[in-house]
Amino acid sequence: MSRKSSFWVTLALSVLTLLFAATPSFAVPMWARRYGVMCSVCHQYPSLQLTAGGLDFFRRGHRMRGDTVDKDLTHLLSAHVEWEYDVQEKGSTAFSQPEFHLHAGGAVSPLFSVYVDANVNMDFESSYLQLTKGHKENAYFTARAGKFIPTIVRNYGMGLMASASTPLILTDATLGTNPFTPARDSFGISLAGRVKPLFVEAGVVNGEDIETVATVGNHKDVYASAEYALPDGVSGVGLYYHRGGYDLGDPSSLIPLAFDRYDRKGVFANFTRDKFRLGGAYLSGKDDIEGAP
């Protein structure tokens, strides 16, 4: 084993020992420890998707109603390791490189909370500061600033760490050279609010540049979404809209960049019961590339 590999293995074991020692086996995640509840309060079978309470906890900024700061460090830190086994038809199969994730966050004041998901193999997958102002039990206003994914995509598409795979329609580019995907990481701000079964969100963001393919930092993107939950609080439908722009091409080449103005519209839906979950999404959109038909 190389010296670099030994360092990361030692670090991972040390952190896991610190975080999980003397912790009941049913309450490993940091928030289960903080609130003294089982993981099933927020996650449920068949795919470990969020319950109605778990979804509300996420939307509020990883905090309960009326939450405030907790100075216990073990209630603010957690970690997990992801190791995938990729199967290809008529091809070789292999284990991917393990990914070690360090999570930190929760309420840090009566109004503010933070969340960080750091993949030590790569970079920060999420990192944001969030303000939440409650009105009633099922009504509140919230705002985020940092690196995040639209809430509707995290809820319906990414599964919020559920065991189900992420739909390809959200993770694969679908039109020509435009590399946009709804599940891409974005930097920016968002405003959102809940009134009973209705949750709406809008944001102004920049995606990350795709090296030698597209530059997005020169243009601001906007998105908006609305989700309506059925009485179970989990099943529901959602509407999604994104309007953005890329400078297509390699900035280091002598060929001028072509500006691509695009939009994406989508409908999300899921129907969840104790033993099964059905989910789907339909996306459409167009590109308007300068100089192209």
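**Exercise 1.** Find which ring the charged end of Arg-144 sits over.

Solution. The charged end of Arg-144 lies over the ring of Tyr-128, 5.1 Å from its centre. A charge sits over a ring if NZ of Lys or CZ of Arg is within 6 Å of the ring centre and within 35 degrees of the ring normal. Tyr-128 also belongs to a cluster linked by ring pairs, together with Trp-31, Tyr-35, Phe-57, Tyr-115 and Phe-148.

This is a predicted model, in which local features need pLDDT of at least 70 and side-chain atom pairs count only at pLDDT 80 or more, while totals for chains, interfaces and linings use all residues. Residues are numbered from 1 along each chain as its sequence is written, and side-chain values use heavy atoms, with hydrogens and water left out.

**Exercise 2.** State how many aromatic pairs the structure holds, and describe the pair of Phe-180 and Tyr-262.

Solution. The count is nine aromatic pairs. Rings of Phe, Tyr and Trp (its six-membered ring) pair if their centres lie within 6.5 Å; planes under 30 degrees apart count as stacked, over 60 as edge-to-face and the rest as tilted. Phe-180 and Tyr-262 are 5.2 Å apart centre to centre with 40° between the planes, so the pair is tilted.

**Exercise 3.** Classify the pair of Tyr-240 and Phe-268.

Solution. The centres of Tyr-240 and Phe-268 are 6.0 Å apart and the planes 90° apart, which makes the pair edge-to-face. Tyr-240 is buried at 3% relative accessibility, and Phe-268 is buried at 1%.

Terms used:
Buried < 20%, exposed > 50% of the residue type's maximum accessible area, 1.4 Å probe, protein only.
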